[in-house]
Protein chains: 2
Amino acid sequence: MAENRQVLLARRPNGVPVMEDFAFATGPIPEPREGEVLLRHLLLSIDPAIRGWMADKPSYLPPIALGAPVRSGTLSQVVASRDPHVEVGSIVQALGAWEEYSAVPAQAVMGRVERLDGIPLEAHLSVLGGTGLTAYFGLLEVGRPREGETVLVSAAAGGVGSIVGQIAKIRGCRVVGIAGGEEKCRWIVDELGFDAAIDYKREDVKAALSAAAPKGVDVYFDSVGGEILEIALTRLRNRGRVVLCGAISQIHDDELPPGPRSYVHLLAKRGRMEGFVTLDYAARYDEARAELAAWIRAGKLVHRDELAHGLEHAPRHFLRLFDGSHRGKLMVKLAEPEESR
Amino acid sequence: MAENRQVLLARRPNGVPVMEDFAFATGPIPEPREGEVLLRHLLLSIDPAIRGWMADKPSYLPPIALGAPVRSGTLSQVVASRDPHVEVGSIVQALGAWEEYSAVPAQAVMGRVERLDGIPLEAHLSVLGGTGLTAYFGLLEVGRPREGETVLVSAAAGGVGSIVGQIAKIRGCRVVGIAGGEEKCRWIVDELGFDAAIDYKREDVKAALSAAAPKGVDVYFDSVGGEILEIALTRLRNRGRVVLCGAISQIHDDELPPGPRSYVHLLAKRGRMEGFVTLDYAARYDEARAELAAWIRAGKLVHRDELAHGLEHAPRHFLRLFDGSHRGKLMVKLAEPEESR
């Protein structure tokens, strides 16, 4: 009974991850040590960042060890606590792993979730979780769009991109999204309120961007890198900003591909290209969540979550990040919360 | 007698400029129209930016027209004025051309030069002119170095780079310069006070940089682009800044070469890469000049100017920008100022 099912990193992916990169295991439920808490995970957040952590490269977090459970953002319930600040029974956002239970240092717990009327639990891991917070701080703090400016968003039908575009609309910007496929393009315009969509699978992105943003781009929110970043830089307006959120087009390459030759446009355009890490804004998460929740309740911010049910589906659901088959945010549901004891 | 000798852009350079790209001519001294002033040029500023203006590409200024005199920063004396704000006899910095006289709109006059005791006239076009102002605003406003940080400077023996490094030292930074050749490397360390120099012609820049800046680079002032930008990005510290001042390594390429693949380091490092145009800071030139002059008088800021004498030497002196043979700032002296009338 006291078992802890796990999904382990069996080997480092070579290019696009495949099922064989993962292994299933069952271990004991860990005992939290002094300063640690024991979490029972309710939801796993399926994010491109996980692919980065799988590589054997130093980054803002160390690589996931081979044979260790796959690191993941989680929404979790505290079942035991050896830290005075974390209360048993509370529901928290955390940096956990693909397993049923994790013992983590209290600092891996990133805030208690106060459930809000009319907002489903999973929203706390998507639009009110890392995904929404990444969109919020990346766009508003790094991109700093002003009313009337043009904002370009790549991976616009993805978890982060779909929220970035809507926040930019709320802030009075003209918003152009780039997505793959007609269905996604229709969705971001018809349901999310983007002003225009570019289908990178069927259209000449450069020509389509000139048509959709004839005066150029003030803020480009980049989650893909590669050819689209190359094009966006050539269309940057004076004092344009490129928010570097990810580079999924090249996340699988062992050798980095050539960078954007058009970076030189930053010179004469006084442009700025800047990376960020959402964790750095942890002290302001509550403020951001309150604003995001208010937008949801006012009907200004739509979120779409695609849930798989059961830990065993985590690898397969993760692979969907790379096949272009999803819209919005991917999560895996493991359990319902128990009533506070 | 009323002749105006000129150096014209005869054709657009194909790669590195050659003498045949220029032509010599003699025309009449122009008449200033309403709102214009007639300048007699005393000194021409020889800058890499001129190579950019020679290309048929839109930028922050239009390309130099074929057959027109080569656009250039100048130190000039006003010989006639049809603008109430510009006084005849005054010595000014301006955007003029490679000719003895230019009639320019009053807004091309970028400030009257107040000659300072103990500071030679040419310093007003180098360390107190566009070169010093580019170093000052690029480093302090875009790079924003803090005491104790490590600043890396490429083209460190050039006009801008040699001043950037010294300002960074004044601000309490550790400064590493990259230059070509032993003599330049000795000069920036022994005479300018850089902490370390890397000779890119003889050393493995990556290994030498790891040794000279073991904790990494907080601010990289980039005038070269290419391979050195590639390496610098991989050594950026958290919240590191790359100041994009130029890309002389690729200024001659018609097709842009691949960009820095290591730009992805900006993501996890929360790095910022930003371009700037010195002209944007025109309202603060006086403030900057006062501080630069104070540093010169206090012996904290050394400048080195290489002057050629006579308009006919402008093309040849300009070509020296690209053959690595100079240290400090290149200028061409055309005339001495006349006493105010």
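Reader: What makes strand 13 of chain A and strand 13 of chain B a pair?

Author: Happy to explain, and please keep in mind that this is a predicted model. Pairing asks for at least two bridges. Strand 13 of chain A is joined to strand 13 (residues 272–275) of chain B by three bridges, so the two count as paired, and they run antiparallel. In this pairing, R272(A) has E274(B) opposite it.

Reader: Which strands make up the sheet they belong to, and in what order?

Author: The order is 10(A)-9(A)-8(A)-11(A)-12(A)-13(A)-13(B)-12(B)-11(B)-8(B)-9(B)-10(B), an open sheet of 12 strands with mixed pairing. Antiparallel pairing joins strand 13 of chain A to strand 13 of chain B, while strand 12 (residues 236–244) and strand 13 of chain A pair in the parallel sense over four bridges. There, V243(A) stands opposite E274(A).

Reader: What makes a strand of this sheet an edge strand?

Author: An edge strand pairs on one side only, and that holds for strand 10 (196–199) of chain A and strand 10 (196–199) of chain B. On average, neighbouring strands of the sheet are turned by 15° against each other, direction ignored.

Reader: What packs on the sheet in chain A?

Author: Helix 4 (residues 182–190) of chain A does, touching strand 9 (174–179) and strand 10 of chain A. The direction of this helix makes about 170° with that of strand 10 of chain A. In chain B, helix 4 (residues 182–190) packs on the sheet too, touching strand 9 (174–179) and strand 10 of chain B.

Reader: How many residues of each chain are in contact with the other chain?

Author: There are 27 residues of chain A in contact with 26 residues of chain B. On the chain A side, helix 7 (265–268) and strand 13 (272–275) are the elements that give two or more residues. Strand 13 of chain A gives the largest share, four residues. By class, that side has 15 nonpolar, six polar and six charged residues.

Reader: Why is the relation between the chains called a two-fold axis?

Author: Chain A is superposed on chain B by a rotation of 180° with 0.0 Å of shift along its axis, at an RMSD of 0.1 Å. That is the relation of a two-fold axis. In chain A, the C-alpha nearest the axis belongs to G259(A), 2.1 Å from it. Both copies use the same surface, as 96% of the contact residues of chain A recur in chain B.

Reader: Why is strand 5 of chain A called mostly covered?

Author: A residue is buried if 20 or more other C-beta atoms lie within 10 Å of its own. In strand 5 (residues 91–97) of chain A, seven of its seven residues are buried, so the strand is mostly covered. I91(A), Q93(A), L95(A) and A97(A) point one way, and V92(A), A94(A) and G96(A) the other way.

Reader: Which strands pair with strand 5 of chain A?

Author: Strand 4 (residues 71–81) of chain A pairs with strand 5 in the antiparallel sense over seven bridges, with G73(A) opposite L95(A). Strand 7 (residues 109–112) of chain A also pairs with strand 5 in the antiparallel sense, over two bridges, and here A94(A) stands opposite V109(A).

Reader: Which residues have the most contacts inside the largest nonpolar core?

Author: They are A232(A) and A232(B), in a core of 128 residues. Not counting residues up to four places away in sequence, A232(A) touches L152(A), V217(A), Y220(A), D222(A) and V242(A).

Definitions and conventions: Residues are numbered from 1 along each chain as its sequence is written. Chains are lettered from A and ligands numbered from 1 in the order in which they are written. This is a predicted model: local features need pLDDT of at least 70, side-chain atom pairs count only at pLDDT 80 or more; totals for chains, interfaces and linings use all residues. A nonpolar core is a set of buried Ala, Val, Leu, Ile, Met, Phe, Trp, Tyr and Cys residues joined through C-beta atoms within 7 Å. A residue is buried if 20 or more other C-beta atoms lie within 10 Å of its own, exposed if 12 or fewer, and partly exposed in between; C-beta atoms are placed from the backbone. Two residues are in contact if their C-beta atoms, placed from the backbone, lie within 7 Å. Ala, Val, Leu, Ile, Met, Phe, Trp, Tyr, Cys and Pro count as nonpolar, Asp, Glu, Lys and Arg as charged, and the others, Gly among them, as polar. Copies are superposed by least squares on the C-alpha atoms of residues with pLDDT of at least 70 in both. Axes are lines fitted to C-alpha atoms, for helices over the stretch in contact, and angles run from 0 to 180 degrees between N-to-C directions.
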